[in-house]
Amino acid sequence: MTQHLIVFPVVLPLIAGILLLYQRQGLVRYKRWVSVVATVLLLLVSMVLITKAADDEITYYALGDWQPPFGIALVLDRLSALMLLVTSILAIGAVIFACAGDDEKGSNFHGLFQWQLMGINGAFLTGDLFNLFVFFEVLLLASYALLLHGGGKARIQASVHYVVLNLAGSSLFLIAVGILYGATGTLNMADMAQRLGDLPAEREGLVTAGALMLLVVFGLKAAILPLYFWLPRAYASAPAPVAALFAIMTKVGIYAILRVYSLIFSDQAGNLAALEQPWVWWLGLATLAIAGISVLAARDLRLLVAYLVLVSVGTLLVGIGMRTPQAVSALLYYLIHTTLITGGLFLLAEMIGLQRGKTGTRLVRGRPMVQGNGLVLMFFIGAIAVAGLPPLSGALGKALMLNAAEGSQQLWLWPLLLLAGLSSLIALSRAGSTLFWRSHRGSASGKILPRQQWFAVIWLMSAAPLMVIFAGPVSEYTQATAAQLADPQPMIQTLLHDAGDTP
């Protein structure tokens, strides 16, 4: 039974999505129960899989029993297991928050939500470049509809840019995959990594072009400068539970860069090794710098959180650009922190907007909030965590990242990362004072917030102290994951030599 668990993160949301979309006119309570139960089961499966991966065993599932490199293989290692767990934790918070009423503002929310989870999980598990493209398309198609959930002019405008840019990225992805397949004769990532070592010199130009095209595609998904301009408005206008789930979307691009370039274009690729390193390093620094300035210009709480996502993207990309096991370990710790905390902040922004009535999430003076004490406590925790102040996880994540910088890297990373943190702190302090301290005129406004919303925010915000309390085990896991990524031979051995070269 355990060997089939690898396929569950894809099959489980697929079946749940079919059941939910088949009963389109079904009871709201039925849809909520199916969606929540499926997401909780996904969390349980992810916990089993991360326990399995923690033994440093790399396993795969050959769909249809067609063995790699010919068949479709889902691969489980430390990195994929970690990403599955983070996704399932985030998804539980988002889906429970949606059950408070956001899911009724449009049709088919829960079915599309499950299918987006299927695409995200498939992208984390696939060992094949073409199927990475397929799962990208699945998650993007679901995200197009979820972004428009509930309608509205702002959402339609933001979705147009989001759809057009991602369609262009998908076309470029397909072209890049075709170029790499034509040059290497394979789509399996482990097999491609092995073949690059013996690649004829006349084909190196083609592979380089395909690799850099993939970097553009992944950079678009991750929202790297100058490809991030679609993200702030799209995330700020999306429904709160959708925006929270979107916190993992940029991490899909980060994951793809880590996976593809650490496996296929590793040190054994000769002249093609580390093609992405200079590009990711400098563009990551630029993303961090521009995002740090942009948070100061935000005049809406949702938009501010969206720019904080970009600050985290720049930080993660810089970690990839350093290309050392220590940096990868630091960025993985920071990735867990920033995904869950920014997801929680999107949900919290919606709760604050509901309590402020017509003023919404705009950073202007409004009436006091009925449940202001609880909201200010959650905002205070989220602000400290995301800005990187002690004693919460953001401070530890940034300290690990700063400590990973070596030589001249310190001259660039230290001032930019610290200034971005200072900008975030200033922006959040101004937002908090406007929302809570200057909101003193008139009587308290807003309805009592549902328990589901409080649970969802507390569920995600609790990651900030818990990641400090359990910093030892979490750091040990991320360090082992970085070491596993630095040595691609075990994965190649598992997928090719252990499986055999014939189906």
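**Aromatic rings and their pairs**

Author: Trp 282 has a relative accessible area of 44%, which means that this residue is partly exposed. That term lies between buried, under 20% relative accessible area, and exposed, over 50%, with a 1.4 Å probe and protein chains only. Trp 281, at 6% relative accessibility, counts as buried.

The model is predicted, so local features need pLDDT of at least 70 and side-chain atom pairs count only at pLDDT 80 or more, while totals for chains, interfaces and linings use all residues. Residues are numbered from 1 along each chain as its sequence is written, and side-chain values use heavy atoms, leaving out hydrogens and water.

Across the whole structure, a search finds 19 aromatic pairs. One of them joins Tyr 162 and Phe 246: the ring centres are 6.1 Å apart and the planes stand at 20 degrees, so this pair is stacked. It links distant parts of the chain, for Tyr 162 lies in helix 6 (residues 153-184) and Phe 246 in helix 10 (residues 240-246), 84 residues apart. Both Tyr 162 and Phe 246 are buried. In the pair of Trp 281 and Trp 282, the centres are 6.3 Å apart and the planes are at 70 degrees, so the arrangement is edge-to-face.

Rings of Phe, Tyr and Trp (its six-membered ring) pair if their centres lie within 6.5 Å; planes under 30 degrees apart count as stacked, over 60 as edge-to-face and the rest as tilted. Helices are DSSP runs (H or I, at least four residues), numbered from the N terminus.

Finally, ring pairs join Tyr 162 and Phe 246 with Tyr 144, Trp 230, Tyr 235 and Phe 346 in a cluster.

Conventions: Helices (H or I, at least four residues) and strands (E, at least two) are DSSP runs, numbered from the N terminus.
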